[in-house]
Amino acid sequence: MKTYLVTGGAGFIGSNFIHYMFEKHAGSVRIINVDLLTYAGNLENLSDLKDNPDYTFIKADICDTEAISDIFAKNDVDIVVHFAAESHVDRSIRDPGIFARTNVIGTLNMLNCARCAWADGEGFKEGKKFLHVSTDEVYGSLTDEGTYFYETTPYDPHSPYSASKASSDFMVKAYVDTYHFPALITNCSNNYGPYQFPEKLIPLIINNVLSGKKLPVYGDGKNVRDWLYVMDHAKAIDMVIEKGRFGEKYNIGGHNEKQNIEIVKIIIDTIKEMLPADDPRQDHINYDLITYVEDRKGHDRRYAIAPDKIRAEIGWEPETMFPEGIRKTIRWYFDNTEWMEHVTSGDYQKYYEEMYK
Ligand code: NAD
Ligand code: DAU
């Protein structure tokens, strides 16, 4: 039985990862989910695990040294999977400070608490691992088609978000280089799937299409992102923990590059096709909803991951192709309108914290 400490497990990718782990390794993993429940954290994402004896939720701030050391002191943690972060680029442009605090100081605190708890003489106890979940945005922006981000691509972050993630990656690297701390880093491309907060492009567009609102497209709509279904990311993390080499970084992506405007049109077409022909919403669902708005400041033009290393060394490949993944995602939002109401109403946290009292 291995004990995982997952940070940010009440967010989008963290909650999908926890579901993945209990589906794949039921009975052989214990998971402690540490989350501050910011606007992006939602215990409703994990309400099905409430009575699972191998699952524990602890509300704590990753910057809080006392709280995090206490968790390590009371639990023999084998593996840390560090998702917790401020994750939205637009918010980082408006308020960079919280990104430096959570993403840089928070990561440093997690590293330090793990280092102290796992210390064994000059080295570390057997079997301990720290997986830092990072992003392809640290590499900056690609312009020429046919060029890709490799693990060796120099860091060139542009937004306060990507700068804070780059800093956190360097902090992890410093722990590896200085203390031989047993850490690994993954840098993944854009995720989509269930439980994604509707400030991000795909859930925002699905929600707006269904409610007949305008669909804001930044700039000329030709910025390119490389989309990966979230459960494929969860599987990649699990495999990197299992087979990855300490001190290494692994890019995760699925060669699924699309312009934003293509994504918006695919969502409109797919929703129209999935709704019954006599659904009253059919009347307002068309390309006229698309509205070009002012561009994001410092907007990166193109991201594209070369997943060669993870394929060759770890044997991971994406399994969910975009036409299937986007249908599953839209279906999930069709079936979870209450979830959408809660996360957009602002009072869901209080409501769902009641469940864990
Ligand atoms: P998210 O915003 O949905 O979730 C973040 C979670 O962290 C929330 O549950 C939030 O409550 C928690 N959190 C925030 N501050 C905290 C703090 N101080 N202490 C404890 N918990 C805190 O983010 P996400 O999209 O699930 O991303 C998770 C991780 O994956 C992030 O590190 C992000 O940089 C990285 N990533 C995201 C994507 C993507 O497409 N979403 C792609 C690659 C990498
Ligand atoms: O690449 C990985 C990153 O992907 C993660 O590290 C981030 O945490 C995650 O938020 C995501 O960042 P992006 O900025 O790429 O995602 P977002 O969904 O915010 O935007 C995707 C693209 O769509 C981007 O080019 C901006 C554009 N966009 C976004 C919104 C919210 C629009 O055109 N209109 C919108 O309303």
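Which atom of ligand 1 lies 3.0 Å from a backbone N or O atom of Ile62? A nitrogen atom of ligand 1 sits at that distance. The model is predicted.

**The ligand site**

Taken alone, the ligand exposes 830 Å², and the protein buries 96% of that. Helix 1 (12–25), strand 7 (129–135) and helix 5 (160–179) are the elements that give two or more residues to the shell around ligand 1. Strand 7 gives the most, with three residues.

In total, 28 residues surround ligand 1. The closest are Ile13, Asp35, Ser87, Tyr161 and Lys165. By class, the shell has 14 nonpolar, eleven polar and three charged residues.

**Cavities**

The structure also holds two cavities of 30 Å³ or more.

| Cavity | Space |
|---|---|
| Largest cavity | About 60 Å³ |
| Second largest cavity | About 40 Å³ |

The lining of the largest cavity includes Glu137, His158, Arg225, Arg296, Lys297 and Asp300. Its residues divide into two nonpolar, four polar and five charged.

Twelve residues line the second largest cavity. Ala40, Asn42, Tyr195, Phe197 and Trp339 lie nearest its centre. Here the lining has eight nonpolar, four polar and no charged residues.

Note on methods
Residues numbered from 1 in each chain as written. Chains lettered and ligands numbered in written order. Predicted model: local features only at pLDDT ≥ 70, side-chain atom pairs only at ≥ 80, totals over all residues. Heavy atoms only, no water. Near = heavy atom within 4 Å. Polar contact = N/O pair within 3.5 Å; in protein donor to acceptor, adjacent residues only side chain to side chain. Areas by Shrake-Rupley, 256 points an atom, 1.4 Å probe, with all protein chains shown as cover. Helix = DSSP H or I, 4+ residues; strand = E, 2+ residues; numbered from the N terminus. Nonpolar A, V, L, I, M, F, W, Y, C, P; charged D, E, K, R; others polar. 1 Å grid on protein atoms, 1.4 Å probe; cavity = no way out; pocket = protein on both sides within 12 Å on 5 of 7 lines; lining within 4 Å. Points joined across faces, edges and corners; volume = space filled by probe spheres on them.
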